[in-house]
Structure formats: structure tokens, C-alpha cells
Amino acid sequence: MRPRGHAEEVLVLPQSQTSIEEPVTTIFVDGQRCEVFVRTEPDLDGIWHNMLVFRRSGRLQSREALTTGLDWHVTPDLALLHAGRLSEMELKVMLERAMRTRRPLT
């Protein structure tokens, strides 16, 4: 079953000057704490693009955040509301997808 709001493409992107990032929740994966954020960013046409950002903390802390795109194209306040409604299981599935190796874009 595909989690709600989950897109096919998964990207690892730095936060830009125009993006808005808000904390959603904390999940624990393999005994390690993982902070979950929702990031929204408008494109030049004013369409909002949303993604989840995962940052692990603790002894095995990763230096880069993992992100996964969402099917939503909503404003930051609605993106935070939608992300807050995702279950822990849905968030863990999205994290696993974000951790998978991806093909290079051609």
C-alpha cells in the first residue's frame, strides 16, 4: 500500500532561500531518533511543492537530510496539517523509500 501523499521521486536537496520548513514529529527507527519536517517551496509560477525531510540524530547521525516528495501542492500551513495526520507507519515507509538508492536523472 502506498502511503498517502507519497510521490514516486525521492530527492535529497538543500534548503533554499524561499522554502519554509516546519517540524512535524519525531519517530524512532532501529532505536535511533529521527526528526521529521515538512518543507514547502514555491516555484516561479507560484505553485507550492511539498516534501518530507528526515534528520537522524544520535550516535549514527547522518550529515545530510533525506527527503521524499509529496503529491500535495498546498501552502505551508496546509502541508503541515496534512503531514501531521500521517501515521508513524506511513512516515517509516517514506523514510525507507528516501533511503533507497536512486537512478541518476537522464
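Which residue in E3 is the bridge partner of Val 38? The partner in E3 is Leu 52. The points below place this pair in the rest of the structure.

1. The model is a predicted one. The protein chain has 106 residues, of which 37% count as buried. Its secondary structure amounts to 2 helices and 4 strands. Read from the N terminus, the elements follow the order β-β-β-β-α-α. Among contacts in the protein chain with a separation of 6 or more, 55% are between residues 24 or more positions apart. The accessible surface is about 7,100 Å², and carbon and sulfur atoms hold 54% of that surface.

2. The sheet. The 4 strands form an open sheet in the order E1-E2-E3-E4, and the pairing is antiparallel. E1 (20–29) and E4 are the edge strands, each pairing on one side only. From one strand to the next, the twist averages 25°. As background, strands of a sheet pair through backbone hydrogen bonds, in either a parallel or an antiparallel way.

3. E2 with E3. Strand E2 (residues 32–42) runs antiparallel to E3 and is joined to E3 by 9 bridges. The pair from the opening question, Val 38 and Leu 52, belongs here. Thr 40 stands opposite Asn 50 in E3. The hairpin of E2 and E3 has 5 residues between the strands, and in this hairpin Gly 46 takes a positive phi near 85°.

4. E3 with E4. Strand E3 (residues 48–56) also pairs with E4 in the antiparallel sense, over 4 bridges. Phe 54 has Leu 66 in E4 as its bridge partner. In strand E4 (residues 66–69), Leu 66 and Thr 68 point one way, while Thr 67 and Gly 69 point the other way. These four residues of E4 are all buried.

5. The loop between E1 and E2. Asp 30 is placed in this loop. Most residues other than glycine have a negative phi. Asp 30 is not a glycine, yet its phi is positive, at about 55°. Is Asp 30 buried or exposed? Its relative accessibility is 76%, so Asp 30 counts as exposed; the cut-off for exposed is over 50%.

6. Helix H1. Helix H1 (residues 76–84) lies across E1, E2 and E3 and runs at about 10° to E1. The buried residues of H1 are Pro 76, Ala 79 and Ala 83. They lie on the same side of H1 because they cover an arc of only 55° around the axis. The strands that these buried residues pack against are E1, E2 and E3. Asp 77 and Gly 84, on the other side of H1, are exposed.

7. Helix H2. Where does Ala 98 lie? Ala 98 lies in helix H2. Its relative accessibility is 1%, so Ala 98 counts as buried; the cut-off for buried is under 20%. Ala 98 and Ala 65 are 33 residues apart along the chain, and their C-alpha atoms are separated by 9.6 Å.

8. The nonpolar core. The largest nonpolar core has 18 residues. Ile 27, Leu 52, Phe 54 and Leu 95 are the residues with the most contacts inside this core. At least two residues of the core come from each of E1, E2, E3, H1 and H2. H2 gives the largest share, 4 residues.

9. Surroundings of Phe 54. Which residues does Phe 54 touch, not counting residues up to four places away in sequence? They are Cys 34, Glu 35, Val 36, Ala 65, Leu 66, Thr 68, Leu 91, Met 94 and Leu 95. One of them, Leu 66, is also the bridge partner of Phe 54.

Conventions: Residues are numbered from 1 along each chain as its sequence is written. This is a predicted model: local features need pLDDT of at least 70, side-chain atom pairs count only at pLDDT 80 or more; totals for chains, interfaces and linings use all residues. Side-chain values use heavy atoms; hydrogens and water are left out. Buried means under 20% relative accessible area, exposed over 50%, partly exposed in between (1.4 Å probe, protein chains only). Two strands pair if DSSP finds at least two bridges between them. Axes are lines fitted to C-alpha atoms, for helices over the stretch in contact, and angles run from 0 to 180 degrees between N-to-C directions. Contact means heavy atoms within 4.5 Å. The arc is that of the directions from the helix axis to the C-beta atoms. A nonpolar core is a set of buried Ala, Val, Leu, Ile, Met, Phe, Trp, Tyr and Cys residues joined through side-chain atoms within 4.5 Å. Accessible areas come from the Shrake-Rupley method with a 1.4 Å probe; for residues, only the protein chains shown count as cover.
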